[in-house]
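Colleague: I am new to this structure, and I would like to go through the labels attached to it one by one. Please show me the model, and then tell me for each label what it rests on.

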Amino acid sequence: MSTSTSTSTKRKPRTPQRAGAGWASWRAVALVVGALVMLFPLYWMVITAFSGQGALTSGPLRFFPADPTLDGFRRAFALLPFSSFFLNSTAIALVAMALSVTLNLLAGYVLAKYRFRGQQVVFVMIVSTLMIPVQVVMVPQFQLVAGLGWINSYWAVIVPRAAEAFGIFLCRQFMLGIPDEVLEAARLDGAGHLRIFWSIVLPMSRPLIAVLVILTFMYRWNEFAWPLIVLNDQQLFTVPIGLAFLQGEYGTDYPALMGMALLSTLPVLVVFAIFQRQFVEGVARSGLR
């Protein structure tokens, strides 16, 4: 009797299903904790933006603003023409994004599907430029832009980085996965390279285009050093330059700074929300890890 009772009360062995469920629950907990850690700076930026000017330096630390206010936003727009800054950033980011995506797609298609002598050499030379620091090429870029008379203009910011080596590499890797049989069938029907590119390659490259749009827009929107070098007129400044001017030498208005930083994240979030579904597929198919 006692033997059967002790046997029945023995712990049941863990099955693979139970072990998998336990691992999945721990993984979910880890993902939630990681998401909270990554979202906390954004949350703190929101709290700071809606706090009073002295709320962060006086009194105990609060995770919610005691008296939410929009004074930080008002002071920022009163100190600097942020409306012009946002318009400048939007114009530069959209034009640069359209130009860069077009050039990268064309270059990637040529390197992936058009055979010519020295093709691999050209590709290796393009990829090797990724190892050159951006700061090294700023001086010759400035001399070139100055020689063209583009200083203090939108073109000085847009054109020098119109074709990106990383974007070309991404396009080439993605388009290598497009079956050559489809393109050969189009050639047999009399289609040329431009027709094939427009009617076949582009529709099949929608995930890639989503990746390029998000990455290019984000980079152009947040670019700081190069616009600061080639733009002298305050009316042409971009949002990142305006944020730098909100940081004083002896003190910083953190609610105003965080308020404008919060507004500056909204366009990037909107672009990502529009293209997020194709973004994941494009990253997976292009070999980006």
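Colleague: How do you know that E164 forms a salt bridge with R161?

Modeller: This is a predicted model, in which local features need pLDDT of at least 70 and side-chain atom pairs count only at pLDDT 80 or more, while totals for chains, interfaces and linings use all residues. Residues are numbered from 1 along each chain as its sequence is written, and side-chain values use heavy atoms, with hydrogens and water left out. A salt bridge requires a side-chain nitrogen of Lys or Arg within 4 Å of a carboxyl oxygen of Asp or Glu. In E164 and R161 the closest N and O atoms are 3.1 Å apart, so the pair meets the condition. Both E164 and R161 are buried, a word that stands for under 20% relative accessible area, with exposed being over 50% and partly exposed in between (1.4 Å probe, protein chains only).

Colleague: How many salt bridges does a search of the whole structure find, and which residue does R220 pair with?

Modeller: The search finds six salt bridges. R220 is paired with E223, their closest N and O atoms being 3.5 Å apart, and both R220 and E223 are buried. In general, side chains of opposite charge can pair when their charged atoms come close.

Colleague: Which parts of the chain does the pair of R75 and D253 link?

Modeller: The side chains of R75 and D253 meet in a salt bridge at 2.6 Å, N to O. This pair links distant parts of the chain, since R75 is in helix α3 and D253 is in the loop between α13 (239-245) and α14 (254-286), 178 residues apart. With 12% relative accessibility D253 counts as buried, whereas R75, at 23%, counts as partly exposed.

Colleague: What makes a stretch a helix here, and how many helices are there?

Modeller: Helices (H or I, at least four residues) and strands (E, at least two) are DSSP runs, numbered from the N terminus. By that rule the protein has 14 helices and zero strands.

Colleague: Which residues of helix α3 are buried, and why are they said to line one face of the helix?

Modeller: In helix α3, which covers residues 71-79, the buried residues are G72, F73 and A76. Seen down the axis, these buried residues fall within an arc of 100°, and therefore they line one face of α3; the arc is that of the directions from the helix axis to the C-beta atoms. The face turned away from the buried side of α3 carries R74 and A78, which are exposed.

Colleague: What is meant by a nonpolar core, and which residues have the most contacts inside the largest one?

Modeller: A nonpolar core is a set of buried Ala, Val, Leu, Ile, Met, Phe, Trp, Tyr and Cys residues joined through side-chain atoms within 4.5 Å. The largest such core here has 57 residues, and F82, L105 and M175 have the most contacts inside it. Helix α4 (residues 82-113) gives the most to this core, with 11 residues. If contact means heavy atoms within 4.5 Å, then L105 touches C171, M175, F197, L202, L208, I209 and L212, leaving aside residues up to four places away in sequence. In soluble globular proteins, nonpolar side chains tend to be buried together.

Colleague: Which residues form a nonpolar patch on the surface, and what makes a patch?

Modeller: Patches are made of residues with over 30% relative accessible area and no salt bridge, where like charges are joined within 9 Å and nonpolar side chains (Val, Leu, Ile, Met, Phe, Trp, Tyr) within 5 Å. W26, V29, V33 and V37 form such a nonpolar patch, with about 430 Å² of accessible area together, an area that comes from the Shrake-Rupley method with a 1.4 Å probe, only the protein chains shown counting as cover for residues.
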